[in-house]
Structures are given as C-alpha cells and as structure tokens.
Amino acid sequence: MNYTLLNFIILIYIGLIALMGYLGYRRTQSAGDYIVAGGDVNPFVMALSYGAAFISTSAIIGFGGAAGAFGMGLLWLTFFTIFVGVFIAFVFFGKRTRTMGNNLGAMTFPELMAKRYQSSFIHIFCGALIFVFMPLYAGAVLIGAARFLETALNMNYLTALIVFTVLIAIYVTTGGIKGVMYSDALQGSIMFLGMAFLLIYTYNKLGGIAEAHTALSGMESLIPQKLKAIGHQGWTRMPVFGSKLWWVLISTLVMGVGIGTLAQPQLAVKFMTVKSGRSLNRACLVGGVFIFAMTGVAFLVGALSNVHFFNTEAKIAVAAAGGNMDTIIPLFITTAMPQWFSYVFMVTLLAAGVSTLSNLFHAMGTALGKDLYEQTAGKRKGASKHTILFVRVGIVVGILVSLFLGYQLPISIIARATAMFFGIAAAAFLPMYMLGIYWRGTTRAGAIAGMVTGTFSALFWLVFIKAAEAGPLGICNAIFGKPFLIETHPWPVVDPILIGLPVSLIVTILVSLFTRRSEQSHIDHCFEGI
C-alpha cells in the first residue's frame, strides 16, 4: 500500500471539503441562509447538489452490489431515477414547489406542507417522521462507505464507520445548506469523473463492450440453485416474471426507490434554493446526465464484476464476496483496478457518502430545530433565536443514531434499508405533496388522513406482511406466533410502497371531497404564480 499517495489524496480532499464548509459558514447570516441557502443558488450547483444528495454509497455500493447478485435488470432503476427522479421531479414538482414555497415563506418540506394546509399537526408529524426514520437511510449510506474503507484499507469496520462519520460531522454542523450544496457540487464532479473512469477501465479489462456482455451472458450455468429457485435467469436477463426475485427487483428496488424519490424531503427542499423556474429547466439536463452516469455505471459494473471474479477466482461475484452483496463493489475495485484508482475511487465514494449524508443530517437537524422545536417550545417569546442551535443538536443526534444503526444492521442491508425509507416517505408524503401543489381542493383533513393512513399501512406491511423485514423484526412472531401473516405468493415479497401509497392517495382524495377546504384567499395565495 502506497501510504504517501493515499495520504496526499486524502489531505487534498479533506482540505477542499473544509474550504466548502468554510465558504458556507461565511455566507450564512440567517436561518434562511442556513436552511434554504437564501434561495439564490446557481442552477448548475443545485443540479449537482440534487444528484449528489440522491446518489450515495447506498446507490454505488448497495445497489451496485445488488446488480452483482441479481443482474442488469436493475438498470430499470436508472430509467426510473432519471424519468421520475429528475424529469418529473424538476418539471412537474420543482417549479410548483419553488413558487409555493416562496409564496408561503417555507424553509423546509414539513413547513411547506404545514403552511399549505394550515396545520401544525402536519408540521410536527412530518418532522417527527423524518427525524425518526431517516437515520435508517443514513445508516445504510454509512455502511456503504465504511465497507469500502474496510476492504480497501484493511481497516476494522467499526473504526472505518467512526472515521467516516467524524469526517461528515466536521462541516455539516457549521456550513448549513450553503456549505452542503457547495460541497455537493465539488463532490458531484469528483463522482462523475471517478465513475466514468471505472466504466471505461472495466470494459477495457474485460476485453471490450461486446466481449464483456457476451461473457456475462454465457455464465447462466453458474447461477446457484438458490437463486434459480426464486427466478434468477442470468445477469443479462430479467428474472422470471412474477417470481420472488422479480417482485423484489421491481417492487422494492426499482419502484420503491424510483417513485419514492419524489417524496424525499432533503431533495424537495432543493427546489426552494434556486432563483426561478427557468433555473430548474437548466438544472434538469445536468441532473439527468449526472444520475445516468452514476446509477448506470454502478449497475453495469456490479453485474460485470461476475466476469472478473470468474476469470480470477472461478466464482461468481456474490460468492467471491462471501455472501455479502455490500462488499462486491469494494472487492471489485481493490482487486480489478490499479492501486492508485482504488485511492481515487475511495475519494469518489467518500464524496458520494458525504454529499448524501450531509443532506440527510441537515434534514434531520431542521426536522428537530425548525419543524419540532419551533412548533412547540420555539413559539415562546425569543425562543426562535435558538433555532439554529437546535438544528445543530438535531444533526448531532441524527449522526449518533445513524452511527449506531450502521454498526447494528446486518449484512447485505444497504439496498433494502434505502428502499424501506423511500417507501415509507412515499406513502406518508407523496399524495398530500402532489395533490397539494396541483389540486386546490385538497383539504387539511384529507392531507392528514392520507398521511397518517399511508404511514401506518406501510409500517403495518413492513412489520406483519413483508417477509424480509417482518421475520428479523420478530414483532409478528411475538404476537401471532409466526414470522409473517400472509404466506401466499407474492404478498410476502410485495413492497410496502405498493400498499401504502395507493391507500394514502385514495384516502386523501376521498376525505378531501367530503370536507371543507381552506379559505379561498389562502388557496389563492398558495397558488399565486403557479
């Protein structure tokens, strides 16, 4: 190991991150600067920040590893993340979110929903949901970065987890969203270059594009019987339609994350940081290209790693990784790439992890300080002066909880934990968010009813029906004496987003039709300029 080169690369990276945090700190003069960057962020910076916040070690390590096990069918998630997560999000959600947020003076996603529906309950419920469940996603991202550090540097996993967490905490508590977004733009650029090299080098090492894909297609006979039994047909083919693996791939990994993107609070708030709707048009193309490069490369390389491991070890990727999908990409990087690139790619993953986690921790902090504290104790005279303090306290608490989960969660959990949070967020937030910015007739009662039923129907499905989560949690077994309630296929492998989201949407619409909406003057103010 070339420690001189490694230390040199890391020092440059840390220096640049510290500089971004310092610039954010110097330009943060108010709560508005700290939380929504004053609403004047450059569209290029916003696009890279959005993409970097979305594409994390969870996507590269976790979902890349899933592609190594399940194949290129995961590329459907790339389509969903571009079409839904960028095009629909920017064009159909972003402009209305920015305008309505500006009309209402909202700084966070829960505050936007609360002001739209004139409900302190929505404000507190949204903030609490973010603060309680977002650490699950953050913990998954921490695992991705720590697993790479563990593999690349032969470091103890707990040590890697703590070192990476401390790196994030250095600047996210001081620079606010400006520091976060400046850092995101820098790290997004690093990620793009690193992933571009990874794809080119991978194809070159495997003999070219056609040769690599032909070799991967010819490995169908190596599929383990355990994977064949659940519908695996090969790494260049989709699983058997309707099989257990098909439902996991489509409902959990593709739809759970692809649709859930629209309801991510840390992403929605990005729309409120730009000057105009035109800025979002400019950001859309940049964001689409960036996410295509990130997810497309991760999923292609993950699947193609099977060829490398078969050529070098006569094993498929998941076997070479000891059964842990979360270590497939780190192992591939350290065994197939030049040593210097392992160091550079480590910085790429640090960039991916830091950018996402800084946004997640910022969202957790604002959930506690802005959405919970200001709605309770913060209403006392003079208490609002302490908002930023409580935001920073929320960030620290979020970091500690995420660190604990990063240590406690089992192997091969990154992709599943990410999809779990995305699904809960979609069931809780998406109907009232989408209808709230498009349908004037959406009422406070409808939004609350949909949000609550969506949340608890998704959680019920996770705890009592979906086998992958219900079994390990053990709650269903403790109450009913069996790991999950429904054993008939495909229900134990159907993702909660396919249950919670329709329930929430239907309830929101039905209750809104039969309850009184807000005063016309308030509705007109919300939709002014839309």
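Biologist: Where is Thr455 in this one?
Modeller: Thr455 is in helix α19, which covers residues 444-464. Keep in mind that this is a predicted model.

Biologist: Is Thr455 buried or exposed?
Modeller: Thr455 is buried, with a relative accessible area of 1%.

Biologist: Which residues is Thr455 in contact with, leaving aside neighbours within four places in sequence?
Modeller: With those neighbours left out, Thr455 touches Phe125, Leu129, Ala427 and Ala428.

Biologist: What does the secondary structure of the chain come to?
Modeller: The chain has 23 helices and zero strands.

Biologist: And how much of the chain is buried?
Modeller: Of the 530 residues in the chain, 61% are buried. The exposed surface comes to about 19,500 Å², and carbon and sulfur atoms supply 67% of that area.

Biologist: Which residues of α15 are the buried ones?
Modeller: They are Ile328, Ile329, Pro330, Leu331, Phe332, Ile333 and Ala336.

Biologist: Now helix packing. How do α5 and α11 pack?
Modeller: Helix α5 (residues 75-104) packs on helix α11 (residues 244-260) at an angle of about 10°, and their axes are 9 Å apart. Because angles under 35 degrees count as roughly parallel, α5 is roughly parallel to α11.

Biologist: Which residues make that contact?
Modeller: From α5, the contact uses Trp76, Leu77, Phe80 and Val84. From α11, it uses Leu253, Val254, Val257, Gly258 and Ile259.

Biologist: How do the residues of the α5 and α11 contact divide into nonpolar, polar and charged?
Modeller: Eight are nonpolar, one is polar and none is charged.

Biologist: On to backbone checks. Which residues does the cis peptide bond join?
Modeller: A cis peptide bond links His489 to Pro490, with omega at about 10°. Pro490 is in the loop between α21 (475-480) and α22 (497-513).

Biologist: What is phi at Gln118?
Modeller: Phi of Gln118 is positive, about 50°, although Gln118 is not a glycine. For background, most residues other than glycine have a negative phi, and most peptide bonds are trans.

Biologist: Where is Gln118, then?
Modeller: Gln118 is in the loop between α6 (109-117) and α7 (120-153). Its relative accessible area is 41%, so Gln118 counts as partly exposed.

Biologist: What about Ala314?
Modeller: Ala314 also is not a glycine, and its phi is positive, near 60°. Ala314 is in the loop between α13 (277-313) and α14 (317-320).

Biologist: Is Ala314 buried or exposed?
Modeller: Ala314 is exposed, at a relative accessible area of 60%.

Biologist: Last topic, cysteines. How many disulfides are there?
Modeller: The count comes to zero disulfides, taking a disulfide as a pair of cysteine sulfur atoms within 2.5 Å.

Biologist: Is Cys476 buried or exposed?
Modeller: Cys476 is buried, with a relative accessible area of 0%.

Biologist: And Cys526, buried or exposed?
Modeller: Cys526 is buried, and its relative accessible area is 0%.

Terms used: Residues numbered from 1 in each chain as written. Predicted model: local features only at pLDDT ≥ 70, side-chain atom pairs only at ≥ 80, totals over all residues. Heavy atoms only, no water. Helix = DSSP H or I, 4+ residues; strand = E, 2+ residues; numbered from the N terminus. Buried < 20%, exposed > 50% of the residue type's maximum accessible area, 1.4 Å probe, protein only. Contact = heavy atoms within 4.5 Å. Areas by Shrake-Rupley, 256 points an atom, 1.4 Å probe, with all protein chains shown as cover. Axes fitted to C-alpha atoms, helices over the stretch in contact; angles between N-to-C directions. Parallel < 35°, antiparallel > 145°, perpendicular 65-115°, else oblique. Nonpolar A, V, L, I, M, F, W, Y, C, P; charged D, E, K, R; others polar.
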